[in-house]
Protein chains: 2
Amino acid sequence: MTTQARTRAATINDVARVAGVSRAAVSKVLRDAYGVSDAMREKVNAAIDELGYRPRVSARGMRGATFTIGIELPNLDNPFFSDLVSGATSRLLGEPYQLIVAPASPANAEGERAIQALTDRQVDGVIAISPEVEQSWLEDVAAAVPLVMLGRHDDTREYDTVVGDDAAGTRLVLEHLLGLGHRRIAHLTLPESVTVERPNTTHGVREAAYRRIMADAGLAGEIRVVNVEPDPETVYAATRDLIDGPDRPTAVFAAHDELALTVLRAVADAGPAGGDVSVVGYDDTWIARHPLISLTSVNQSGQHMGGRAIDLLLDRVAGRKHPVHEVVAPRLLVRESSRAPTA
Amino acid sequence: MTTQARTRAATINDVARVAGVSRAAVSKVLRDAYGVSDAMREKVNAAIDELGYRPRVSARGMRGATFTIGIELPNLDNPFFSDLVSGATSRLLGEPYQLIVAPASPANAEGERAIQALTDRQVDGVIAISPEVEQSWLEDVAAAVPLVMLGRHDDTREYDTVVGDDAAGTRLVLEHLLGLGHRRIAHLTLPESVTVERPNTTHGVREAAYRRIMADAGLAGEIRVVNVEPDPETVYAATRDLIDGPDRPTAVFAAHDELALTVLRAVADAGPAGGDVSVVGYDDTWIARHPLISLTSVNQSGQHMGGRAIDLLLDRVAGRKHPVHEVVAPRLLVRESSRAPTA
DNA sequence: TGACTGTTGTAGATCAGTCTACAAGTGGGT
DNA sequence: ACCCACTTGTAGACTGATCTACAACAGTCA
């Protein structure tokens with residue numbers, strides 16, 4: 001009893017033969033197309049069940065649709081991205097589309113490669129979160145397949161966007177901290193290659209808003225932006241530098257929760273010697289709500305954004321031509337990680 | 001300047017025409033097949049670059065390979081699954097294969113549907129984590145495409161498995177707790193449909209080991225298994241019932257970290273009135289290591305398991321016929337969430 | 001009765017690749 | 001000069017679906 005050779009699965013021709021109809025007829029039943037009598041539908045479905053037939057998506061993709069929607073994510077570690085996927089998945093329940101996730105290798109900026117991997121696979125639509133990719137490149141992609149970008153404030157006619165109101169969210173954070181009495185508020189965010197050089201990304205907008213609001217509050221001299229690669233070691237070291245250095249900030253506004261968690265870790269490890277440092281995140285991921293973490297954060301409902309991205313994409317697939325740029329309102333959730341500075 | 005119609009991308013015929021060679025020749029270059037002169041390779045590659053040509057994976061899938069490996073996951077919320085994916089992704093760097101993730105809708109047990117979605121797409125190999133799926137069904141899948149299952153102790157010749165030594169891991173946990181002086185140790189785990197009814201799954205093995213080890217320690221009377229659906233609300237409520245009920249356990253062994261976090265939350269919310277309850281998890285996810293969480297947990301290196309799964313799958317793709325069942329040794333990481341019971 | 005319309009099913013082209021079989025060219029050995 | 005083996009390139013079948021065009025038939029109405 002050894003492992004058999006790969007079994008040859010049933011094809012549409014087998015179904016046609018068993019049902020005693022033409023291949024085209026089976027195809028019509030499969031696609032629920034016009035011109036099928038009840039009697040035929042029944043015969044065909046019986047044959048499909050009998051053979052355990054499943055259409056090959058590759059073959060379908062040659063002419064028609066693949067009924068596949070691809071979503072590109074920078075990584076799977078950030079719980080906010082899981083929220084997006086879970087929102088997309090639930091919105092897709094009942095639709096004939098399957099969602100597949102292409103994680104961009106966490107190594108170097110592989111967003112382009114991952115998006116291309118999806119279009120190579122003839123997906124019917126793409127959702128992506130690539131801050132580092134050029135708008136013009138995305139417009140080329142959008143010429144070939146419907147595209148919805150998350151977390152980009154791009155002004156374009158070629159694809160749709162779903163994005164939080166990052167300026168408003170940043171304002172919520174800073175007004176909260178300023179209201180508590182903080183003055184030395186640092187902003188820890190991604191490298192300048194995705195903030196300064198990409199002013200249309202979430203993190204670009206957040207950093208710019210931080211600078212503007214601080215200046216407007218008469219705190220131009222206190223502006224302190226720490227741009228770091230988002231791997232935990234680097235973030236940890238940068239935070240320790242902040243804490244141990246001169247002019248220790250009384251509050252750190254981290255550009256997203258995953259960063260904020262590492263900041264919290266560094267602060268906790270520093271102990272009382274590190275002083276009292278408030279920490280605020282962004283995204284309100286589930287872990288921020290945990291009572292042992294209790295991280296103040298801005299909610300922009302990843303679930304909702306993921307669902308809306310699907311809505312827009314399905315619209316595009318259905319033929320919509322004009323662009324839609326949707327902005328999600330942020331909400332501040334105040335928790336224990338932020339409090340008035342001591343003295 | 002309105003949105004254009006979808007542009008028609010270059011095909012292999014276009015490349016052949018521009019390069020002045022046959023379609024078959026281009027195909028050879030693409031596949032790096034035998035019988036290509038340097039001169040031709042150069043001409044073809046130049047044409048490919050000029051046209052920005054990318055082969056359609058759908059068309060390739062009709063006869064050859066899709067260079068795609070699919071991984072099915074129950075959900076993306078559990079950070080352990082992210083570890084698996086990230087391990088798989090890094091192992092795949094440099095290989096010509098693209099990884100795509102098919103999340104089984106978090107709703108009802110959709111593992112079968114997600115795995116089928118992958119095979120429908122002609123992936124060259126499948127990695128999956130479906131505890132609730134029948135072994136015989138998986139053997140049918142494995143007859144059509146190389147398959148590696150994670151977290152299953154199945155004894156089968158048809159597919160490979162990568163799994164932690166769950167009995168040993170459970171023993172580490174219980175010896176640790178017993179050594180600290182705990183006697184009333186409860187086990188919080190998934191519903192009986194994936195433990196009792198599926199004794200070959202991680203959680204089935206862990207529950208059985210818990211029962212055996214408790215009995216061997218003369219604590220048969222203290223055995224207390226709480227089987228719950230893994231959504232946070234249910235887990236939270238079940239934990240509160242444990243804490244608030246009679247015979248409050250002094251320790252809770254949660255079947256995985258995600259459950260343990262919710263248990264920690266319920267314990268924290270209960271406050272001092274809830275008594276001193278130690279909590280132990282399983283998987284040693286990154287959040288368990290956070291100093292504010294500091295959850296004692298069993299490490300079985302998701303990164304490593306994901307990487308090994310890819311190794312085995314590539315072996316299978318390369319032609320290996322005999323099964324490999326790989327067992328990963330567990331390691332206990334003791335942290336602050338577990339301590340001696342108070343009196 | 002004949003023309004017209006609408007429904008139901010089929011034939012056959014088509015999609016973009018891979019793969020097999022083979023022809024043509026090259027070089028060496030005897 | 002002839003045979004043989006090897007290298008390089010091509011022709012054309014093939015994959016499993018969808019999609020267009022059309023034939024056959026039934027029913028309606030003048």
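Angles under 35 degrees count as roughly parallel, over 145 as roughly antiparallel, 65 to 115 as roughly perpendicular and anything else as oblique.

First, some housekeeping. This is a predicted model, in which local features need pLDDT of at least 70 and side-chain atom pairs count only at pLDDT 80 or more, while totals for chains, interfaces and linings use all residues. Residues are numbered from 1 along each chain as its sequence is written, chains are lettered from A and ligands numbered from 1 in the order in which they are written, and side-chain values use heavy atoms, with hydrogens and water left out.

**How the two chains relate**

**Helix pairs**

Two packed helices are described by the angle between their axes and the distance between the axes. Here the axes are lines fitted to C-alpha atoms, for helices over the stretch in contact, and angles run from 0 to 180 degrees between N-to-C directions. Helices (H or I, at least four residues) and strands (E, at least two) are DSSP runs, numbered from the N terminus.

| Helix pair | Residues | Angle | Axis distance |
|---|---|---|---|
| α1(A) and α2(A) | 12–19 and 23–31 | about 105° | 8 Å |
| α6(A) and α7(A) | 111–120 and 135–144 | about 5° | 11 Å |

In chain A, α1(A) and α2(A) are roughly perpendicular to each other. On the α1(A) side, A:Ile12, A:Asn13, A:Val15 and A:Ala16 meet A:Arg23, A:Val26, A:Ser27 and A:Leu30 of α2(A). Those residues divide into five nonpolar, two polar and one charged (Ala, Val, Leu, Ile, Met, Phe, Trp, Tyr, Cys and Pro count as nonpolar, Asp, Glu, Lys and Arg as charged, and the others, Gly among them, as polar).

Over in chain B, B:Ile12, B:Asn13, B:Val15 and B:Ala16 in α1(B) meet B:Arg23, B:Val26, B:Ser27 and B:Leu30 in α2(B). By class, that contact has five nonpolar, two polar and one charged residues.

For residues 10–64 of chain A, an unreviewed UniProt entry lists "domain: HTH lacI-type" (positions are given in the numbering used here, feature names are shortened, and annotations may be inferred rather than shown by experiment). The end C-alpha atoms of residues 10–64 of chain A lie 20 Å apart, and the span is 69% helix and 0% strand.

Next comes the other chain A pair, α6(A) and α7(A), with an angle of about 5°. That makes α6(A) roughly parallel to α7(A). From α6(A), A:Glu112, A:Ile115, A:Gln116 and A:Thr119 meet A:Trp137, A:Leu138 and A:Val141 in α7(A). The contact splits into four nonpolar, two polar and one charged residues.

**The sheets**

In chain A, four strands form an open sheet with parallel pairing, in the order β7-β6-β8-β9 (two strands pair if DSSP finds at least two bridges between them). β7 (224–227) and β9 (278–280) of chain A stand at the edges, each with a single partner strand, so one side of each has no neighbour in the sheet. From one strand to the next, the twist averages 20°. Strand β6 (residues 185–189) of chain A pairs with β7(A) in the parallel sense over four bridges, and A:Ala186 stands opposite A:Arg224 in β7(A). Helix α11 (residues 257–270) of chain A packs on the sheet and touches β6, β8 (251–254) and β9 of chain A, making about 165° with the direction of β9(A).

Chain B also has four strands in an open, parallel sheet, ordered β7-β6-β8-β9. Its β6 (residues 185–189) and β8 (residues 251–254) pair in the parallel sense over four bridges, with B:His187 opposite B:Phe253 in β8(B). Helix α11 (residues 257–270) of chain B lies across β6, β8 and β9 of chain B, running at about 165° to β9(B).

Definitions and conventions: Contact = heavy atoms within 4.5 Å.
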